[in-house]
Amino acid sequence: MIAPPEAPPGDAGVIGRSRDEPELFGAIFDAYFAEIHRYLARRLDAHTADDLAAETFAVAFRGRDRYDLSRPNARPWLYGIATNLAGRHRRDERRKLTALARVGPGAAAAGHEDAVAARVTAEGVRGPLARAVAALPAGQRDVLLLVVLGGLSYEEVAVALDVPFGTVSSRLNRARKKLRKALGDTDPLLDDQEGASR
Amino acid sequence: MNDLDAVRALYPEDPPAPSAHTVAAARLRMTAAAPPPRRRWRLKAGLGLVAAATAGAAALTLLPSGGTPKPPGTVLSPQALLLAAATKAEKEPSKGAYWYTKRIDGMQRFPLGKDYLLDRRVEREVWAPSSPKEYSWGIERLLGIKPVDEAAWKRDGSPREWKVRGDGDFPAGRAGCIGPLGEGMNRSLTVTASPGERYALPWGAQPGWSGYAGHSYSVAQLAAMPVDPGALKVRLLKDMKRFGDGMTARDLDAWIFDLGIRLLVDRPAPSALRAAVYRMLAALPGVAGRGRVTDALGRTGQAIAMSRNAVETRIVVDPATGRLLSTEEVALYPGIERRKGQLLRYELIQEARWTARRPALPAERRNLTKDGVPVKEACKRYGS
């Protein structure tokens, strides 16, 4: 017979051990809190993010017994919780998008993002684009922003939202069709490459 | 401009970071709201329990592990399974003239114009030499073609002949390699249900090489491969770069998984390298457990999977021996001439070991020139 199983690597190992030694879960907090906070602050605002990010980890901690230990990476799980919590603030989110439509993005990032931001403003599409995002059904917006703001892969989005992979693709495709309309693209073959990155 | 980039540009790139106070408060809040944790109770020589619990502890157990009792043969995490296989692999001696595998290789395809899948099986031996002077050989025999859905086949009049689209892997009567550059590809070929005779064909373009296309390695290369799992992955990623950039990290991990399996199945890899491959696979993100399974030869093991776009690669490992029992590639989604759950390829591994024996090649030989040398273009099939 083989030796008793070793702990799974990565986050799953930590979470598994934290079931009996709760203080170990702090490593998950340390690894992901800043990132989850940033995602929520971008989607909503920093103040709301302070509250929701904390709540994300409280929910995660309470639910750690049910974490699927065959998943070495906890990121999709945590983004899923954060997205669910953000779902209680949909009206705030729509209001925020309307505000984004009017002003620039704030602290300008260097390089590529800056050029795109400038172009978005210059072409006058900020308003239509923001309104298009705000008008998306919640499920499509969640998939879109997990990819664009969270940098999750389709598989990770499927895990985060607990939906089939096919649902992720179709939601994103539908969302992108509407976004392209808002950008004034009528050519469906235009620029199909994935632009999303962290 | 790209719509996703434009959406990202709507949002602030660097919103205000949480203050140290916010972070500390969040950390405290995380554990403060939790119910008291289960503590371990240790049984001491029948004289009572040594309790480390606080008041209100739930879920008492009398087992030293503190968990619920697990039945024997419990399902291991994929990582635990792969690491156990690594330990087994590195203990095996790697001596012999050839790494010998015997297996049943199969694949399922739709015949043209039909609504049922055909399953085509080949009995295949691969002899991969440890010497750089010997050729790798495959000795094969077509076992036959069967419909997967017998009822649909009967409704079709129980044919024993079908037209299929040649795709390099499913050509008429020819296992393995396609003909010179593209012959048979996308043409309609006729296949029959009947089994065939044994024949030999080269399993590498040159002496000491085994495998084709992106999965070929020489004896010298295998001997020089790093046996640290991290370094091995770096090395294989460099090899994968030959196929171009533009693969996401997730795609690369999936290809690494597939390449690792090829190294395990039919390359003459030394024991230390096999163990390193198992450990490398164990560390891949995205590797998932698929529980206990019984394969088509009636053997039980535990399955591990890695998905890549629309295809999932699964392997079955026997937890008792650490042996790799079978591999398969499964279609995850329906598509053109594709059904969800369709076995695009599978291998049922019957034997895999070093041997001092040499292959006894049958009289019929394929894909060799008049001088007995492998035809160069014949075996560009990707993936074996």
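Analyst: Let's start with a pair of side chains: T327(B) and E347(B) are joined by a polar contact of 2.6 Å. That term stands for a pair of N or O atoms within 3.5 Å; within protein, one has to be able to donate a hydrogen and the other to accept it, and residues adjacent in sequence count only if both atoms are side-chain atoms. Bear in mind that this is a predicted model: local features need pLDDT of at least 70, side-chain atom pairs count only at pLDDT 80 or more, while totals for chains, interfaces and linings use all residues. Residues are numbered from 1 along each chain as its sequence is written, chains are lettered from A and ligands numbered from 1 in the order in which they are written, and side-chain values use heavy atoms, with hydrogens and water left out.

Back to T327(B): you'll find it in strand β14, residues 323-331 of chain B. Strands here are DSSP runs of E, at least two residues, and helices are runs of H or I, at least four, both numbered from the N terminus. With a relative accessible area of 9%, T327(B) is buried; buried means under 20%, exposed over 50%, and partly exposed in between (1.4 Å probe, protein chains only). Who's around it? Setting aside neighbours within four places in sequence, T327(B) is in contact with I261(B), V265(B), R314(B), I315(B), R345(B), Y346(B) and E347(B), where contact means heavy atoms within 4.5 Å.

Now the rings. In chain B, R366(B) has its charged end over the ring of Y199(B), 3.7 Å from the centre. To count, NZ of Lys or CZ of Arg must be within 6 Å of the ring centre and within 35 degrees of the ring normal. Chain A has such a case too: R64(A) lies over the face of F61(A), 4.2 Å from the ring centre. F61(A) also belongs to an aromatic cluster with F25(A), Y67(A) and W77(A).

Over all chains there are 13 aromatic pairs. Rings of Phe, Tyr and Trp (its six-membered ring) pair if their centres lie within 6.5 Å, with planes under 30 degrees apart counting as stacked, over 60 as edge-to-face and the rest as tilted. Y154(A) and F165(A) have ring centres 6.0 Å apart and planes at 40°, so this pair is tilted. Y154(A) is in helix α9 (residues 154-161) of chain A and F165(A) in helix α10 (residues 165-182), so the pair ties together parts eleven residues apart in sequence. F165(A) counts as buried, at 19% relative accessibility.
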